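Subject: Structure for your review

Dear colleague,

Please find the sequence and structure below.

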Amino acid sequence: MDLRDLYQETILDHTKRPRNFRRIENATHHADGHNRLCGDRLTVYLRVEDGRVVDASFQGAGCAISTASASLMTEAIKGKTLDEVHALFGRFHDVVAGPDGAAAAAPDLGKLAVFAGVREFPVRVKCATLSWHTVEAALKKQDTPVSTE
């Protein structure tokens, strides 16, 4: 199976059955995100205790890439410290929007590495990174919605 097949399989799986698609009633952090170009809208919910993300979820509607990215992101950040979440976002962003070869420089991304192919479609980078920018806003307790524009 090549990377494109894995990409399609993973994106479809997380689009049809998004993980952590719910509201966290006792969330300590939340933020809204909107990608006007594609119409993606989501709210990210986090429960942070002692500097660690103990629960992460999202709700909203969006394209397949946006939904799959949010689903995979919530799985990836659970249990991470806030510093680890920020670092993971940096590595993810480099893979989808950074210089060529960035994907090879981030082998520790696990399933998130399937988004490396998004770099070929600049408009889709905004879809893939919306949930990540929204998590950053939630951690800063930002009141205004995040936009990828």
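In these notes, buried means under 20% relative accessible area, exposed means over 50%, and partly exposed lies in between, with a 1.4 Å probe and protein chains only. This is a predicted model, in which local features need pLDDT of at least 70 and side-chain atom pairs count only at pLDDT 80 or more, whereas totals for chains, interfaces and linings use all residues. Residues are numbered from 1 along each chain as its sequence is written, and side-chain values use heavy atoms, with hydrogens and water left out.

Aromatic pairs

Rings of Phe, Tyr and Trp (its six-membered ring) are paired if their centres lie within 6.5 Å; planes under 30 degrees apart are stacked, those over 60 are edge-to-face, and the rest are tilted. Helices (H or I, at least four residues) and strands (E, at least two) are DSSP runs numbered from the N terminus. In these terms, Phe21 sits in the loop between helix 1 (3-16) and strand 1, while Phe58 belongs to strand 3, so that the pair links parts of the chain 37 residues apart. Phe21 is partly exposed, with a relative accessible area of 40%, whereas Phe58 counts as buried at 3% relative accessibility.

Phe89 and Trp132 form a stacked pair, because their ring centres are 6.2 Å apart and their planes are at 20°. This pair also links distant parts of the chain: Phe89 is in helix 3 and Trp132 in helix 4, 43 residues apart. Both Phe89 and Trp132 are buried. Ring pairs connect Phe89, Phe92, Phe115 and Trp132 into a cluster.

The sheet

Two strands are taken as paired if DSSP finds at least two bridges between them. Four strands make an open sheet with mixed pairing, in the order 3-2-1-4. Strand 3 (52-61) and strand 4 (146-147) are the edge strands, each pairing on one side only.

Strand 1 (residues 29-35) runs parallel to strand 4 and is joined to it by two bridges. Here Gly33 stands opposite Val146, and the bridge partner of His34 is Ser147. With strand 2, strand 1 pairs in the antiparallel sense over seven bridges; Asn35 stands opposite Asp40 in strand 2. The two strands form a hairpin with four residues between them, and Gly39 in the turn has a positive phi of about 90°. Strand 1 is largely enclosed by the rest of the structure, because five of its seven residues are buried.

Helix 2 and its surroundings

Axes are lines fitted to C-alpha atoms, for helices over the stretch in contact, and angles run from 0 to 180 degrees between N-to-C directions. Helix 2 (residues 64-77) lies across strand 2 (40-49) and strand 3, and runs at about 165° to strand 3. The axes of helix 2 and helix 4 come within 8 Å and cross at roughly 35°.

Contact means heavy atoms within 4.5 Å. On the helix 2 side, the residues in contact with helix 4 include Ile65, Ala70, Met73 and Ile77; on the helix 4 side, they include Cys127, Leu130, Trp132 and Val135.

Met73 counts as buried, at 0% relative accessibility. Not counting residues up to four places away in sequence, Met73 touches Val44, Leu112, Ser131, Trp132 and Val135. Thr74, also in helix 2, is buried at 0% relative accessibility. With the same exclusion, up to four places in sequence, Thr74 touches Arg19, Asn20, Ala56, Ser57 and Phe58.

The nonpolar core

In soluble globular proteins, nonpolar side chains tend to be buried together. A nonpolar core is a set of buried Ala, Val, Leu, Ile, Met, Phe, Trp, Tyr and Cys residues joined through side-chain atoms within 4.5 Å. The largest one has 39 residues, and those with the most contacts inside it are Leu46, Ile77, Leu112, Phe115, Trp132 and Val135. Strand 2, strand 3, helix 2, helix 3 (82-97) and helix 4 (122-139) each supply at least two of its residues. Helix 4 gives the most, with nine residues.

Yours sincerely
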